[in-house]
Amino acid sequence: GLAALLSTAAHADLSGKVIGFSQIGSESGWRAAETSVTKAEAEKRGVDLKFADAQQKQENQIKAIRGFIAQGVDAILVAPVVSTGWDEVLTEAKEASIPVVLLDRGIDASQDLYLTSVASDQVKEGRVAGEWLVKTVGDKPCNVVELQGTVGSSPAINRKQGFEEGIAGHANITLTRSQTGDFTRAKGKEVMEGFLKAEGGGKSICAVYAHNDDMAVGAIQAIKDAGLKPGSDILVVSIDAVPDIFAAMAAGEANATVELTPNMAGPAFDALDAFLNGGTVPEKFIITESKLYTPADNPQGEYEARKGLGY
Ligand code: GYE
């Protein structure tokens, strides 16, 4: 099960350390997996993890971080829901000499306010998705609709930018509609229904690009409900590589995804271990891999291999 995802390196010692984790919420399958993996990594290392679910609200994250500071934790992990508005609370953590590690999303703030950040290259993820589409459609005209992630979040901003870079210079590919689906299945479906209606039932849509797999899964349902075939009538490309997108691929209903590891905590705890126990300052940006998967990559096998990993 989950053990396959956990880091295997020998670790010095975080045992007995108290670490606060301000998590965004549970908007996606990927997020749920990140939460399970973080808890499992903490347990494996003897960390006393204080977990706080912010239900998508930055104000809840700020409250949780202030609570961790008041408790005098040894370190704080935070997955920042949006990229702005962190200066004040992170300055408070810094003044209390509590190291902060950012997980999976970036912020617009001075780099002095955090020890390190563990995340993917989100511009690259978008670019990989866009380049896949360029390669797949060739010279054919292709109108693309986009389901964006949470407004103001770094993955929504960067995945949009990266995709536009990926399709740049290919005049046959046009981004015709773009709206937020807030990284959820339900909103992905709802927004896709609107796109299909606005585009004559969907006949003029060639592809949907979703900033995460959950929104893609919602869009797939909307496409089927409209009487079209996802995966062939409308191509589906997204990001995360959660089990359900591989199930959709195996059924011929999804075409490509870019993998995001849910194990951000492993590298984060390694960095904290080195810092708290040895004074080693880690690199500011620890970047995870972004691998493309298509139906040629054994989707059924990928589905089965990932199912037990905390998703
Ligand atoms: O791709 C999405 C999630 O912050 C990079 O957040 C992460 C994104 C992930 O809800 O599924």
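Two strands are said to pair if DSSP finds at least two bridges between them, and the helices (H or I, at least four residues) and strands (E, at least two) named in these legends are DSSP runs numbered from the N terminus. Residues are numbered from 1 along each chain as its sequence is written. The model is a predicted one, in which local features need pLDDT of at least 70 and side-chain atom pairs count only at pLDDT 80 or more, while totals for chains, interfaces and linings use all residues.

View 1. Six strands form an open sheet in the order E7-E6-E8-E9-E10-E12, and their pairing is mixed. Its edge strands are E7 (173-180) and E12, each of which pairs on one side only. The protein chain averages a pLDDT of 96, and 98% of the residues score at least 70, pLDDT being the predictor's confidence in each residue, from 0 to 100. For the model as a whole, the scores are ipTM 0.99 and pTM 0.97.

View 2. E6 and E7 run parallel and are joined by seven bridges, with Glu146 standing opposite Ser178 in E7. Strand E6 (residues 142-148) is largely enclosed by the rest of the structure, because six of its seven residues are buried; a residue is called buried if 20 or more other C-beta atoms lie within 10 Å of its own, exposed if 12 or fewer do, and partly exposed in between, with C-beta atoms placed from the backbone. Elsewhere in the sheet, strand E8 (residues 207-210) is joined to E9 by three bridges in the parallel sense, and Tyr209 stands opposite Val237 in E9.

**View 3. Strand E3 and its parallel partners.** Strand E3 (residues 75-78) is covered on both faces, with Ala75 and Leu77 buried on one side and Ile76 and Val78 buried on the other. E3 is joined to E1 by four bridges, and these two strands run parallel; Phe21 has Leu77 in E3 as its bridge partner. E3 also runs parallel to strand E4 (residues 100-103), to which three bridges join it, and here Ile76 stands opposite Val100 in E4.

**View 4. Helix H1 and its packing.** Helix H1 (residues 29-44) has 16 residues and reaches 23 Å from its first C-alpha to its last, close to the 22 Å expected at 1.5 Å a residue, where the expected span is 1.5 Å times one less than the number of residues. Among the buried residues of H1 are Trp30, Ala33, Val37 and Ala40. The buried residues of this helix pack against strands E1 (18-23), E2 (48-53) and E9 (235-240), and against helices H7 (213-225), H8 (243-250) and H9 (265-278). H1 is followed by Gly46, whose phi is positive, near 75 degrees.

**View 5. The shell around the ligand.** The residues around the ligand are Glu27, Ser28, Trp30, Arg31, Asp104, Arg105, Pro155, Phe183, Asn212, Ile239, Asp240 and Leu260, a residue being near a molecule or strand if its C-beta atom, placed from the backbone, lies within 6 Å of it. H1 and E9 each supply at least two residues of this shell. By class, the shell has five nonpolar, two polar and five charged residues, where Ala, Val, Leu, Ile, Met, Phe, Trp, Tyr, Cys and Pro count as nonpolar, Asp, Glu, Lys and Arg as charged, and the others, Gly among them, as polar.

**View 6. Helix H4 and the residue that follows.** Helix H4 (residues 122-137) has 16 residues and spans 23 Å from its first C-alpha to its last, close to the 22 Å expected at 1.5 Å a residue. The buried residues of H4 include Val123, Val128, Trp132 and Leu133. H4 is followed by Gly138, whose phi is positive, near 60 degrees.

View 7. Gln61 is found in helix H2 (residues 58-71) and counts as buried because it has 26 C-beta neighbours inside 10 Å. Leaving aside its neighbours within four places in sequence, Gln61 is in contact with Ser22, Ala54, Val78 and Val81, two residues being in contact if their C-beta atoms, placed from the backbone, lie within 7 Å. Leu292, in strand E12 (residues 292-293), counts as partly exposed because it has 17 C-beta neighbours inside 10 Å. With neighbours within four places in sequence again left aside, Leu292 is in contact with Val128, Trp132, Ala256 and Val258.
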